[in-house]
Amino acid sequence: MEEIIKKILVVEDEPSLLEAINIKLTKSGFEVITARSVMQAKNQVENIKDINVIWLDHYLLGKEDGLDFITWCKAEGTSYKKIPIFVVSNTASPDKIQIYLRLGAEKYYVKAEKRLDNIISDIKTYLNDTNHN
Amino acid sequence: MKIRSKINVHFLAGFVFVYCLTGLIVGIYTTNLIKQNIYSHFLLNSRIRAEHIRTYIQEQEKISIILAAASVYRDFLKEPENSSQYPVIKGKIDKRLIRTLEADSQLYELFILDANGKIVASSNRSQEGGDKSQDDYFIKAKDSKVFLKDIYFSSTTNKLGYTISSPVNDEDGTLLGVSVLRYLPDIFFSIAKSENVLNKTEESFLINKDKFFITPSLFLGKDVILKQKVETENTKNCFDPKEIEYVKKNGYFGLNDFFSTQLIETKDYRNVNVIATHAYIPETGWCLITKADKVDLLSFRSVLIMTFIFVFIIAGLIFLLISLMISKMIIKPISVLITGAKKIKEGNFDFKIDIKTKDEAGELADAFNQMAVSIKQNRIELQQYSKGLEDMVTEKTKELQNKINDLNETREAVLNVAEDAEEEKQKNIREKDKIDAILHSIGDGVFVVDSNLKVILVNEVAAKMTGYTMEEILGTRYTDKLKFIFEDTGKINDQFINKAIETKVTQDMSNHTVLIDKTGNKIQVADSTAPLLDKDGEVIGCVVVFRDVTHERAIDKAKTEFVSLASHQLRTPLSTIGWYSEMLLSGDAGKLKEEQKKYLEEIYKGNQRMVDLVNALLNVSRLELGTFLVEPELIDIIKLMKNVIDEQKPQIKAKKMKLTESHDDKLPMFNADPKLLHIVFQNLLSNSVKYTPDKGKVDINMHIMKRGESVNNRKLKEDSMVITISDTGYGIPKMQQDKIFTKLFRADNVGEKDTEGTGLGLYIVKAIIDQSGGAIWFESEENKGTIFYVVLPLSGMKKREGTKTLT
């Protein structure tokens, strides 16, 4: 079955990691849009209307971090409120994980402990499920 | 004002009032009475004198008539001058005249006139032959029984006098001659000058019809007689025809009528104010004036006033004396009582007041003595009570001291600061007995509140932290000056004190409590609170110890941030290595040679170990910092163990090992942090799997044991969950068994066989179990196997607030 190409916004400050994620996602059939700061991410979300999913790191360029972005994204009355967000970060403190999940993140992954394959397949599964539903 | 003075003043004031009132009433009454008396007397004097004068004149007139009627007079006047008998008769008459003259001293001359008015016989022979036919006393006497000629000045005799003359008639009534008696007026002078006078200005004098003086004036002497006229209101009244009529008819007015014109206030001939009365003398047509100076007459009033004042002074003095005596009588027991009260105030409760009287003072003294006894008793009770309190405070202070020592010990461990000096200081402090010294020397803030939450004790450190002085804090409600609030909500944190009072159990202040000082600055504090109990176990207050932990918190925060940042910073390159290796291995960059793939897998594995090592190091750091969370929840330990086993299944399978697991039929749900227990079991089980050769056996056993039962010769202190994990592995060399739980330790025998161990797993396990109040130990024999015993109290893990979970 031919899959519809999904747009994914990857928000990650580390260029090498961003590159790896980009390559892997593209190979997995995603159209990848990137951002390294919250400001860029916000612009992307506002300019590109049909983003299907967001990949979010915690520490980002600039003063604002992932929490600021997810708070902005999930605010009431926005069109992008429904975009699912997957948090992929090395900042593994449980309180932060809890906060992200409470703010509406779908899942939280600790980068160093997870293979890229696994994360991408999780995202794909999630998107397919919601599509079929 | 003292009571004594008050009594005296009141007494005197009362006296003065009563005296003056009485004095006024009595004075007015007396004045009126005396006045009336004086007036009566005055009037009476006037009347008596008037009557006297009248009587006297009537007497004289009678004498005159009697003399004129004597036959000797008739015979003499009938006898012609030239008869022989004449000298004989004349001689008789002369003798008679002389005798009569001698009989009355007032009579200074008497003579007989013949029908022609010629003196035919006289007591003064030289006058004989003189013609008196033109004189009043001859002319007027001829036609009446008697004639009184008013006082006049006789030029012949050169004397004042008056005459009374009567006709000498024959039997048939023919006038033979006139008998004339000439009197001196002295008798009137003396009557008017009666001795019975009220005062020295009182005088009586007579005036004739023409209002001339005929008796001397008291003030002007005799010269006024017949020379000065008296024209006063009084004389006018006296000669009022109506009054003359009345007097002639009825005599004088009654004494009670003196308010009429009889007694008047007027001016006399000297123009001086006088009280005057008058009496008309009908016989002569004279008027008797009696008068006295008004000032003089009423002088009794000043006497009255003087008397009043004199009596006032005397009576006042007597009164004052009595009042002094009475007040002294009343004051005396009071002074004794005051002395007594002072003695008691000084603490001499055995002092007895010695007043034995049966009156109120005596009763008061009795009551006072009883009060002293009861105060003494109360004081003794109070002393005992306060001693109890003091003991309790001492005890509590010791407790606090111990607590502080505990805190300090913890700090020592964390900060690894040389605390020798501090300990020395603590020792010195402990040596001091007095509470004050302890309190004020403690490096932490200490304050004590009573059951009403009022601060009853505070040390300098506490005061300094708040910015207030100790005096300002003492006695206020502690929330006024010692404001503890929650850092996050800003609400007052009074739970720890309230709870300590409520539960009677020592409380710790929750984390993130700050103290707001006087200037509004926030100071992070940590504290503990102990209830103060009396001997009956009732809460009488609360002791709070707190200290500034701003610095500690800052260090903690820095460390926590370091760990957090380090974890992130270390993991990021590890992620890069991991993910790129992964991509290469999955052929994303083209197909790899077999050898290349092998090398990359080594890189990937090494990277994963590095990730594990970072995690382990982070856990160690959190354990040591005490920043890890313990979040107990009710867990099913069997389920948890099954998860751990499932994770290890691949390795077990790979090594063709046999794993058995047994447990009690029913294990209760159990309060523990699942993450921590997972770490414990995961480490123990993975160790067993790792360090057991292929085809070896691993056995897991879980069951409940009661308090007092023994596990591997160790007695349980409480009901516990006992978990054993045994294997048939390499074992731990005897020589190294005591080091097995130390950090970064790896046994020699396994080091040779496997390099993957971090040397941190058992260290973490031990730390977690110690924190949970449990115990872990093992038995091991090299190349035979190892058995680990884990004992967890069924009471469960204690909740612990921290910042990090272990991973």
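Q: Hi! How many bridges join strand β1 of chain B to strand β5 of chain B?
A: Seven, and the two strands, residues 107–114 and 175–183, run antiparallel. Keep in mind that this is a predicted model.

Q: Which residue stands opposite Val178(B) of β5(B)?
A: That is Leu113(B).

Q: What about β2(B), how does that strand run relative to β1(B)?
A: Antiparallel again: three bridges join β1(B) to β2(B), which covers residues 119–122. Within this pairing, Phe111(B) has Ser122(B) as its bridge partner.

Q: How many residues sit between the strands in that hairpin of β1(B) and β2(B)?
A: There are four, and Gly117(B) takes a positive phi there, near 90°.

Q: Nice. Which residues other than glycine have a positive phi? Start with the one in the loop between α19 and β18 of chain B.
A: The residue in that loop, between α19 (637–654) and β18 (658–663), is Lys656(B). Its phi is positive, about 50°, although Lys656(B) is not a glycine.

Q: Is Lys656(B) buried or exposed?
A: Exposed, because Lys656(B) has 9 C-beta neighbours inside 10 Å, and the cut-off for exposed is 12 or fewer.

Q: And where is Asn713(B)?
A: Asn713(B) is in the loop between β21 (710–711) and β22 (714–715) of chain B. Phi is positive there too, near 70°, and the residue is not a glycine. Asn713(B) counts as exposed, with 5 other C-beta atoms within 10 Å.

Q: Let's switch to helices. How many buried residues does α7(B) have?
A: Zero among its 10 residues, 241–250, so this helix is hardly covered. After α7(B) comes Gly251(B), with a positive phi near 85°.

Q: Now a helix pair: at what angle do α1(B) and α9(B) pack?
A: About 155°, and their axes are 9 Å apart. Helix α1(B) spans residues 3–68, and α9(B) spans 300–345. That angle makes the two helices roughly antiparallel, since the label applies over 145 degrees.

Q: Left-handed or right-handed crossing?
A: Right-handed, as α1(B) passes α9(B).

Q: What kinds of residues make that contact?
A: By class, the contact of α1(B) with α9(B) has 19 nonpolar, eight polar and two charged residues.

Q: Which sheet does α1(B) pack on?
A: An open one of four strands in chain B, in the order β6-β9-β8-β7, with antiparallel pairing. Its edge strands, β6 (203–207) and β7 (263–267), each pair on one side only. Neighbouring strands are turned by 35° against each other on average, with direction ignored. Helix α1(B) touches β6, β7, β8 and β9 of chain B, and its direction makes about 30° with that of β8(B).

Q: How many bridges join β8(B) to β9(B)?
A: Eight, between residues 273–281 of β8(B) and 286–293 of β9(B), which run antiparallel. In one of these pairings, Thr277(B) has Thr290(B) as its bridge partner.

Q: Over to chain A. What pattern does it follow along the sequence?
A: Chain A reads β-α-β-α-β-α-β-α-β-α, with five helices and five strands in total. Of its 133 residues, 37% count as buried.

Q: What's the strand order in its sheet?
A: The order is β2-β1-β3-β4-β5, in an open sheet with parallel pairing. β2 (30–35) and β5 (107–110) of chain A stand at the edges with a single partner strand each, so one side of each lacks a neighbour in the sheet. The twist averages 20° from one strand to the next.

Q: Which helix packs on that sheet, touching β1, β3 and β4 of chain A?
A: Helix α3(A), residues 66–73, whose direction makes about 175° with that of β4(A). Three bridges join β3(A) to β4(A) in parallel, and there Leu56(A) has Val87(A) as its bridge partner.

Q: Last one: how many residues of chain A are in contact with chain B?
A: There are 19, facing 19 residues of chain B. On the chain A side, α1 (15–27) and α5 (116–132) are the elements that give two or more residues. The largest share, six residues, comes from α1(A). By class, the chain A side divides into eight nonpolar, four polar and seven charged residues.

Methods. Residues numbered from 1 in each chain as written. Chains lettered and ligands numbered in written order. Predicted model: local features only at pLDDT ≥ 70, side-chain atom pairs only at ≥ 80, totals over all residues. Contact = placed C-beta atoms within 7 Å. Nonpolar A, V, L, I, M, F, W, Y, C, P; charged D, E, K, R; others polar. Pairing = 2+ DSSP bridges. Axes fitted to C-alpha atoms, helices over the stretch in contact; angles between N-to-C directions. Parallel < 35°, antiparallel > 145°, perpendicular 65-115°, else oblique. Left-handed = near helix turned anticlockwise from the far one by under 90°. Buried ≥ 20, exposed ≤ 12 C-beta atoms within 10 Å, placed from the backbone.
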